[in-house]
Amino acid sequence: MTLQDVKRLFKQYTSREHSWLSVPITAATLLVLLVFVKSCQGIIYSHSNECRIYRLGYTIDEARALAAALSDEQADSLVARGEHDTIAYPIIGQRYFIAKNFDHYLALHKVDTAASLADIVAIVNVGDFPEGAIQAAHCDTSKGYLMLVNGQHFLDESYKPDSLVLFKKSYCYEEQKALSPVVEAFKAMQQECKKETDAQLMVNSAYRSYKQQITTHKNNNKRYVAQPGNSEHQTGLAIDVTSLQHPEKWAFDKSKEGVWMRENCHKYGFILRYPEKQSRILGYSYEPWHLRYVGKDVAKQIHDEDITFDEYYAYYLERQQAQ
Ligand SMILES: [Zn+2]
């Protein structure tokens, strides 16, 4: 039957003498079209990430949320595993979830089933992947007060902060320098601490050049002293603090001025860089004396959210930059 024949027949049946046939023919045509469109939609949906994930055993709401949170590549790899993963859905609801780390979260859970989901997110976000830590990289000094220096982010031997200023002699045992806002913030904190606790905070160590760090690293407990290039002291933004009344670091930790400093330093723009809580999760050694200047707003946020600077950096600076 040619197209001409179809046209002729259609004309014949819809002509006046067969007009009673036009209604069922039109209805049937519409029905066929509807079935066709529906089946096309079905085929398209069955290839969607949502449907493919749903078929692994997730509920439709979970599948929808996972499909929305993951890239096509991640959805492909989740589907390729061919099984339901118990943490895939709850992990995307974690406060500091970063989409690009999804596969690492699942991999870490496989080898560390006892870790909470929040800990898994924290550990992976700071670059401690189950497949091995991220490669060491140059510190991004353009971040200014928010530059990140740690075991994986290093400063060159030649890096020296601009315009370091001296702390007042009465605040330190020997000459110490840091960036000007750090010196000012310490002065304000020191004065308030004196009023509140009657103790005098002292700067034990502040800026250390790469060369000085070589000596410090050689002469001290390696657990607490970073390798040259990996020390925050080279930024001019870090200070080690104890008090005249409790010059010994661990005695300071338990003293009333030590407790006061931990609770109040964020009001002056400082954070406790290696807090006790995170040392268990992130493998740092607790250092109640080491303060890092980040400015008041960020210090308050880190204090309020009870996270480390590394977690802050990964979630609020790097993630946003990548988006
Ligand atoms: Zn320190």
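This is a predicted model: local features need pLDDT of at least 70, side-chain atom pairs count only at pLDDT 80 or more; totals for chains, interfaces and linings use all residues.
## Aromatic pairs

The structure holds 13 aromatic pairs. One of them joins Tyr171 and Phe186 in an edge-to-face arrangement, with 5.6 Å from centre to centre and 70° between the planes. Because Tyr171 lies in the loop between strand E5 (164-166) and strand E6 (177-179), while Phe186 belongs to helix H9 (residues 180-197), this pair ties together parts that are 15 residues apart in sequence. Tyr171 and Phe186 are both buried.

A further pair is formed by Phe270 and Tyr293, whose ring centres are 5.7 Å apart and whose planes stand at 80°, so this pair is edge-to-face. It links distant parts of the chain, with Phe270 in strand E9 (residues 270-274) and Tyr293 in strand E10 (residues 287-293), 23 residues apart. Phe270 is buried, as is Tyr293.

## The zinc site

Which residues coordinate the zinc ion? The ion is held by NE2 of His233, OD of Asp240 and ND1 of His290, at 2.1 Å. Along the chain, the donors of the zinc ion follow the spacing H-x6-D-x49-H. Of the coordinating residues, His233 and Asp240 are buried.

## Cysteines

How many disulfides does a search of the whole structure find? The search returns zero. For Cys265, the closest cysteine sulfur is that of Cys193, and because the two sulfur atoms are 11 Å apart, they are too far from each other for a bond, given that a disulfide requires a pair of cysteine sulfur atoms within 2.5 Å.

Cys265 is buried, with a relative accessible area of 3%. Cys139 has a relative accessibility of 9% and therefore counts as buried too, since the cut-off for that class is under 20% relative accessible area.

How values were computed: Residues are numbered from 1 along each chain as its sequence is written. Side-chain values use heavy atoms; hydrogens and water are left out. Buried means under 20% relative accessible area, exposed over 50%, partly exposed in between (1.4 Å probe, protein chains only). Donors are N, O and S atoms within 2.8 Å of the metal (3.2 Å for Na, K and Ca); water is not among the atoms, so sites may look incomplete. Rings of Phe, Tyr and Trp (its six-membered ring) pair if their centres lie within 6.5 Å; planes under 30 degrees apart count as stacked, over 60 as edge-to-face and the rest as tilted. Helices (H or I, at least four residues) and strands (E, at least two) are DSSP runs, numbered from the N terminus.
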